[in-house]
Amino acid sequence: METMTKKPINSSLDKYGIKDANVHWNLDADTLQKITVEKGMGTETENGTLCINTGKFTGRSPQDRFIVKDDYTKDKVFWNRTNKGISSDSFNQLYNEVVNYLSNKEIYIHDGYVCADPEYRLNVRTIAEYPWSNYFVNNMFLRLKDSEYADFSEDWLVLCAPGYETPNAEALGIRQGNFSILDFTRKVALVGGSAYAGEMKKGIFSALNLILPVEKNVLPMHCSANVGEDGETAIFFGLSGTGKTTLSADPNRKLIGDDEHGWTAENTIFNFEGGCYAKVVDLTEEKEPDIFRAIRPGAMLENVVFKKGTKEVDYADTSITQNTRVSYPIHHIDNIMQPSFAKNPKNIFFLTCDAFGVLPPISKLTPGQAAYHFISGYTAKVAGTEAGITEPVPSFSACFGEPFMPLHPTVYAEMLSKKMTEAGVNVWLVNTGWSGGPYGVGSRIKLRYTRTMITEAMKGALNDVDYEQHPVFGLHMPKYIHDVPSEILDPMNTWLQKGAYVSKAIQLAHSFHLNFDKFIDQASNEIMHGGPLIDTHQGLAHL
């Protein structure tokens, strides 16, 4: 038995090895939501938004992520603790186990694509065990026109079986029963044993992060992007909690996307996705109006908790997980760019939440500094964000997306340096964290100041102001920005004790050096000179 909705002409599943399944093809969101609720796999909020629980896994499982090591990947991938290899034989066995598991079951197939620029479009077919997995990819991948379903043919396949755990983990060279694996030769993203929806999204993102630079000369970026009325595009890199979504949501600029983009040789910035996947912990309409208002029918909430006796979500309740999330189609945001790509990138912002109170609220980077800070991908975790963290801890994620980057970080960094130089792009490091002292002593930099600094940078108002160089990090700090108190622009001025500031800055510089040691062998001299001026073993090196 098969549901005939938007079914392609070639609908045989024989090539996948799936036999005698009850197949639902390309169901719309309303139907998928109804099935999910009827099967007891989800509930609805008071406004009709679907809520699901992902079970054992409420986030990605990085230790169970693998890439097939074969002739295509063996000399391309940066093999490390993040990019772990698995043999083709092991992958083939796991693939066969999954398709045998899905055979004779009710399954859901979604056809869509990624990469909004038509020149780089990649068709993706998702075969999933759960209806709400299809709901998620319907939100997150770009959606087909009705006329495109009949002749659809995928470039990549996502095979998702949350209910299946392999009993052969040790023999197959994996850690335990669940797995998330990319095979670049077979062009398959295989997910088993985890219902966390982000595994599907990040699997395809990781695939693009190898395919685009190697085969298409496109720089893939873990960033948000928007475009102004003047046609100038801004790009925002940043790890969780740095303000990437908040600062790219500007009522005076159109949102291209909030998480994953490509930068082409023609200087086009295009969104990989058709939706947004945002954290909702402590969400309020006042703090994140765009996300809050996007949570309506068509969106899907993960692992949230209702207020007792109601269908109202308690976004402060993290009893299931800190990683509560919502996925929604991008058109749930009012001010968007359609289609979601634009030209003329002019400003790049690296966002960091420096809980040590060391980094300036904004500084302009040289090409070498931009590459260094891009490879470093620094932010800080503050007390309470994770179990056991009682004071700020430096956190580094190469290229602001290390878990999803199959190539060596210097490959992406050198592409970025080349593109920013050719396009005449300004790169800014923006600290959205603390000033006047570290977390617990100083205070968080006011959001209105950060917004003003970014707006003034995009207007070109910082092109002709005077700058001074930070004595430890070598960053160039503007001395004046309209409507921003000048005393906060140099962070040392905000500390009561200058000696304590210098000591803390040297401590943070040491953390940067230690983190960068693993990249030294492949980093150019220009990149190496983009780091802190201070050698924490020998004193000031370049002053």
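The centres of domain 2 and domain 3, taken over C-alpha atoms, lie 27 Å apart in this predicted model. The domain assignment of the protein chain, with bounds that come from an automatic or database assignment, gives domain 1 as 21-42 + 58-216, domain 2 as 219-263 + 344-529 and domain 3 as 276-332. Residues are numbered from 1 along each chain as its sequence is written, and side-chain values use heavy atoms, with hydrogens and water left out. Because the model is predicted, local features need pLDDT of at least 70 and side-chain atom pairs count only at pLDDT 80 or more, whereas totals for chains, interfaces and linings use all residues.

The interface of domain 2 and domain 3 can be described from several sides. Eight residues of domain 2 are in contact with eight residues of domain 3, contact meaning heavy atoms within 4.5 Å. The size of an interface is often given as the accessible area lost when the parts come together. Here, domain 2 and domain 3 bury about 560 Å² between them, and 48% of this is on carbon and sulfur atoms; buried area is the accessible area (1.4 Å probe) that two parts lose on being put together, summed over both. Zero salt bridges are counted between domain 2 and domain 3, a salt bridge being a side-chain nitrogen of Lys or Arg within 4 Å of a carboxyl oxygen of Asp or Glu. Two residue pairs are in polar contact across the interface of domain 2 and domain 3, both at pLDDT 80 or more. A polar contact is a pair of N or O atoms within 3.5 Å; within protein, one must be able to donate a hydrogen and the other to accept it, and residues adjacent in sequence count only if both atoms are side-chain atoms. On the side of domain 2 that touches domain 3, helix 6 (244-248) and strand 14 (254-257) each supply at least two residues; helices (H or I, at least four residues) and strands (E, at least two) are DSSP runs, numbered from the N terminus. By class, that side of domain 2 has two nonpolar, five polar and one charged residues, where Ala, Val, Leu, Ile, Met, Phe, Trp, Tyr, Cys and Pro count as nonpolar, Asp, Glu, Lys and Arg as charged, and the others, Gly among them, as polar.

Turning to salt bridges, a search of the whole structure finds 19. In one of them, Arg125 pairs with Asp111, with the closest N and O atoms 2.7 Å apart. Arg125 lies in strand 8 (residues 122-128) and Asp111 in strand 7 (residues 106-114), so the pair ties together parts that are 14 residues apart in sequence. Arg125 counts as buried at 2% relative accessibility, and Asp111 counts as buried at 0%; buried means under 20% relative accessible area, exposed over 50%, and partly exposed in between (1.4 Å probe, protein chains only).

Lys244 forms a salt bridge with Asp259, the closest N and O atoms being 3.1 Å apart. This pair links distant parts of the chain, with Lys244 in helix 6 and Asp259 in the loop between strand 14 and strand 15 (260-263), 15 residues apart. Elsewhere, Glu422 forms a salt bridge with Lys418, with 2.8 Å between the closest N and O atoms. Glu422 and Lys418 are separated by about one helical turn because they are four residues apart in helix 9 (residues 409-423). Glu422 is exposed at 57% relative accessibility, and Lys418 is exposed at 53%.

Thr352, in strand 21 (residues 345-352), is buried, with a relative accessible area of 2%. Not counting residues up to four places away in sequence, Thr352 touches several residues, including Thr242, Tyr378 and Asn431. Helix 8 (residues 367-376) is mostly covered, nine of its 10 residues being buried; among them are Tyr372, His373 and Phe374. After helix 8 comes Gly377, with a positive phi near 55°.

The peptide bond from Gln338 to Pro339 is cis, with omega near -10°, and Pro339 lies in the loop between strand 19 (325-329) and strand 20 (341-343). Lys187 is not a glycine, yet has a positive phi of about 60°; Lys187 is partly exposed, at 42% relative accessible area.
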